[in-house]
Amino acid sequence: RMFHDDELEESEKFYVGQPRVLLLIYALYNTLVARSEMVCYFVIILNHMISASMITLVLPILIFLWAMLSVPRPSKRFWMTAIVYTEVAIVIKYFFQFGFFPWNKHVDYTKDKPYHPPNIIGIEKKEGYVHYDLVQLLALFFHRSILKCHGLWDEDEKGDSSSNKEDTDDELSLAGGRRDSSASLKSVNLAASVESIHVHFPEQQTAIRRKSSSSISQLSHRSSFSSHRSKRDIFKNINHNTLNLYFLQCKLCVIKSDCGLCCFRTLQVYVPIRQFFYNLIHPDYSAVTDVYVLMFLADTVDFIIIVFGFWAFGKHSAAADITSSLSEDQVPEAFLVMVLIQFGTMVVDRALYLKKTVMGKVIFQVILVFGIHFWMFFILPGVTERKFSQNTVAQLWYFVKCVYFGLSAYQIRCGYPTRVLGNFLTKSYNYVNLFLFQGFRLVPFLTELRAVMDWVWTDTTLSLSSWICVEDIYAHIFILKCWRESEKRYPQPRGQKKKKVVKYGMGGMIIVLLICIVWFPLLFMSLIKSVAGITNKPLDVSITITLGGYQPIFTMSAQQNQLKSLDSNEFNEFLRSYRGNTAALQFLEGYAREDITRADLEGNSNSLWTISPPSRKKMIQGLLDFDADFTVVLSWTIQRTLEEVYPYYIKAPSDSLAKPIKQLLKDCKWENITVSLVKNISEEGVREWWVLNQLGKRQKTPQESLELFIFSDKVSPPSLGFLAGYGIMGLYASVVLVIGKFVREFFSGISHSIMFEELPNVDRILKLCTDIFLVRETGELELEEDLYAKLIFLYRSPETMIKWTREKT
């Protein structure tokens, strides 16, 4: 052993022998220490999500535009700014909690107003106003203590001194060149105008620290590019001196005018910010990475949140449902705006990724950070008329967007990759990638949109049709490569029949799937109402009877207490009364006790009979003429004579048309009712109304009345109403036939694609496609054309395809 320590070994044995729960706690603490920076970011964002004020808005913006963009890590200045700002915010919030401020006297009235000035600023009086700020301050102090323990807290000063020492050594080694540059600087007239001096800003010190952090890369850089380094140091020294001269002239201008002081103060703020982003866009070294997939997934999650929670971004739509809105052919404005903005940002992000422009990504990041925060915390509360802290869906959307901002900042800091080859799902050849890639290609218009965008924002000599041809060939070859690899992992010996597990597993699953597709509408319509159906009891039962088209003689309705459900004894007695009637029993099998409602209607009409004397005379003549037919018009538009006119049993289906039930009538004959006209003569005059009475009622009552049984069909739940509304034939036309078309395409026409499907070895074709992507990324466009022509020739020549796809011997 090169190193041996008994105490360390004893400590290691003691640590390993601890309980697993304690080891888990140790691991969580170590994770917390290692990611204390992310803990601070999380607490700051959480504080802003809950408080949602201008006071807490500053630090999240600084995180995404300063801290996460700093190389290699946020500087001491940022952490001191965050600590001091949090302390000042706590003091300000505490100061404005006193009751003598005018806005603190009506807290209950103004606490939910989003545009109340104290709520916007964050100085409103409330319980627990400073809890999250204290947690935020505690996280910041915790991170500071960790940096101090590792000697990283004062790294800036050490980096400055080391970089200055490095510059001094370089100046000594390049004395001759420095003298010439110094002489040229001395010849510059100090009285020259500021506009006549071309200023080159110095490189940022963080970039210099990045160089010194890795001694190996530094030595190799110095040995390989020593002449370039010397020239660059010369220009850097000139830039330092020119910048000092620039500030010297500004100081001279300060003495002469106040405008010079303003310019000097502006430059003190502008120059560091400009230099920060300049060094970010033009780094000396960059650890190239690719997190576009994670950014795309974050945007996709936000897109899903908008689709299923769009009501949170609109006004007076807290109880809205996207399926119900779309079924009514209504597109909410808030939903449309949010979807278009989210989709537009995804397209722009894809364009920047393909063009590999860090400057564009930085500009897009700045615009998006300020735009999203302005929209979410100043515009959205006014649209929804509720505070951001009370909008849970908007909070979730903002948190996912913050994850996207963090990934974007990491992408900017590391730089875009120089080569973008293929789809991220095609990096390995297994079943997971295969099914995910095929699912990706099944999404409508996604493959086409990606191919067109890639063609627009990628330098190539291929036409759009040729580009799509290459993409389709590559996708097809990738799928074949996955199947070939699976055959290698699970080989099938020659001459052996397929195992039953494979046959019954795969074949049985396909059989069950096809049977379910064929019988899906019948099963769905049967189960949706019998199993998941909801009883739809009537709320109002109304009857209107008209004699021969004259003024209605009877109008009555039953509500609430007049609509009664059958108890168990009444329901059983009802079933026993139809024991010998097969048709009636078959009909009653589809209804339970709670589906039947008995309506008791008063026999006296609730309206007076206001008919004109001529019409009354004609109606009497029609009733006395027994040879002529005199019709009775019921409210359900069924016309019958006075005999056997009352249906007694009514079926109330899911639609609005109620129908009589003939299976429950004796000999399919309707019930008889008596109709009599009552005249009342009083001092107010003569009043007439009609009285109806049913003879064969189940509930024997002495007064005149009508009895009606309503059988209510179950209705589908609201969540599945969009499917049940199509009916059986609609489901067959829209689901079964469409799916059957795709299944038929899979089982037919296989013989025409044998020469492209049955390829034993696709490695050479796959390598040819990858080579096309590679030469395109390196700018060898002529070679791209040659390789594309070779690929097309390969697919046009079956003999060459056979040679290329033979198994390697």
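This is a predicted model: local features need pLDDT of at least 70, side-chain atom pairs count only at pLDDT 80 or more; totals for chains, interfaces and linings use all residues.
Most residues other than glycine have a negative phi, and most peptide bonds are trans. Several sites depart from this pattern. The peptide bond from V71 to P72 is cis, with omega near 0°. P72 sits in the loop between helix 4 (54–67) and helix 5 (76–95).

Two residues have a positive phi without being glycine. For E385, phi is near 60°. This residue belongs to the loop that links helix 18 (358–384) and helix 19 (392–414). E385 is partly exposed, because its relative accessible area is 43%, which falls between the limits of 20% and 50%. For F445, phi is about 65°. F445 lies in the loop between helix 20 (431–442) and helix 21 (446–456). At 67% relative accessibility, F445 is exposed.

The cysteines form 0 disulfides. Their surroundings can be illustrated with two examples. C149 has a relative accessible area of 69%, so C149 is exposed. C482 has a value of 2%, so C482 is buried.

E780 is placed in the loop between helix 31 (763–777) and helix 32 (781–796). Its relative accessibility is 46%, so E780 counts as partly exposed.

V107 belongs to helix 6 (residues 107–110). With a relative accessible area of 22%, V107 is partly exposed. V107 and E124 are 17 residues apart in sequence. In space, their C-alpha atoms are 8.0 Å apart.

Notes:
Residues are numbered from 1 along each chain as its sequence is written. Side-chain values use heavy atoms; hydrogens and water are left out. Helices (H or I, at least four residues) and strands (E, at least two) are DSSP runs, numbered from the N terminus. Buried means under 20% relative accessible area, exposed over 50%, partly exposed in between (1.4 Å probe, protein chains only). A disulfide is a pair of cysteine sulfur atoms within 2.5 Å.
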